[in-house]
Amino acid sequence: MKHAVAVMALLIALPAFGESLIKNGDFEKGKMGWDTDPGLRIVPIQEVMPELVGSPQGQVLAAELHKNNRRALSTKLRIDRKARMISIRMKMRPGPGFNPVPPEAPQYTIRLEYQGGATFSQRAIDPAGDWQDVKWDFTDLQGKSQIKMVVEFHPGGGIILVDDVAVDEVQ
């Protein structure tokens, strides 16, 4: 009985995650729900990474980096007024020809735009890495019922792959 009470207390103390605010974060329905700049394509994973034979099938966002300009992927989020935080998660990996310019610079920015302001977090990708988990929690939600989430890819060469984007409200 003591264990049941302890487990129940723990569950009550944990934040409650709702259904993801992103409806097509796995890109299986193409660009539905997303705004994309030219150079960003939704493709079968095997098309850009044929060496991943035997890996799960499905579609991913392939962001072809531009040598001078940034490219962006964005979507609008409606935030419940009771939410205390939104938690952003996605997976990224370097694709064919990935070459950041300069190599030590961040390769992408996650930006949240809302009435009266914006906030961002710049990130880097391990060029030799596999799928990398990206996570960012945003807690300053007071008075922000609509937020535009933007993933901006910095100049460089080659491709960055994105999959499994989720944004959860924490009550």
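Trainee: Which residue lies over the face of Tyr114?

Mentor: In this predicted model, Lys144 lies over the face of Tyr114, at 4.6 Å from the ring centre. Tyr114 also belongs to one aromatic cluster with Trp136 and Phe138.

Trainee: How many aromatic pairs does the structure hold, and how is such a pair described?

Mentor: The description uses two quantities, the distance of the ring centres and the angle of the planes. The structure holds three aromatic pairs. One of them joins Phe27 and Trp34, with 5.4 Å centre to centre and 35 degrees between the planes, a tilted arrangement. Trp136 and Phe138 form another tilted pair, at 6.4 Å centre to centre and 45 degrees between the planes.

Trainee: Are Phe27 and Trp34 buried or exposed? And why does Trp136 count as buried?

Mentor: Phe27 and Trp34 are both buried. Buried means under 20% relative accessible area. Trp136 counts as buried because its relative accessibility is 14%; Phe138 counts as buried because its value is 6%.

Trainee: What is the order of the strands in the open sheet?

Mentor: In general, strands of a sheet pair through backbone hydrogen bonds, in either a parallel or an antiparallel manner. Here, the open sheet has five strands in the order E1-E4-E10-E7-E8, with antiparallel pairing. Strand E1 (35–36) and strand E8 (117–123) are the edge strands, each pairing on one side only.

Trainee: How many bridges join E1 to strand E4?

Mentor: Two bridges join E1 to strand E4 (residues 71–78), and these strands run antiparallel. Thr36 has Leu73 as its bridge partner in E4.

Notes: Residues are numbered from 1 along each chain as its sequence is written. This is a predicted model: local features need pLDDT of at least 70, side-chain atom pairs count only at pLDDT 80 or more; totals for chains, interfaces and linings use all residues. Side-chain values use heavy atoms; hydrogens and water are left out. Rings of Phe, Tyr and Trp (its six-membered ring) pair if their centres lie within 6.5 Å; planes under 30 degrees apart count as stacked, over 60 as edge-to-face and the rest as tilted. Buried means under 20% relative accessible area, exposed over 50%, partly exposed in between (1.4 Å probe, protein chains only). A charge sits over a ring if NZ of Lys or CZ of Arg is within 6 Å of the ring centre and within 35 degrees of the ring normal. Two strands pair if DSSP finds at least two bridges between them. Helices (H or I, at least four residues) and strands (E, at least two) are DSSP runs, numbered from the N terminus.
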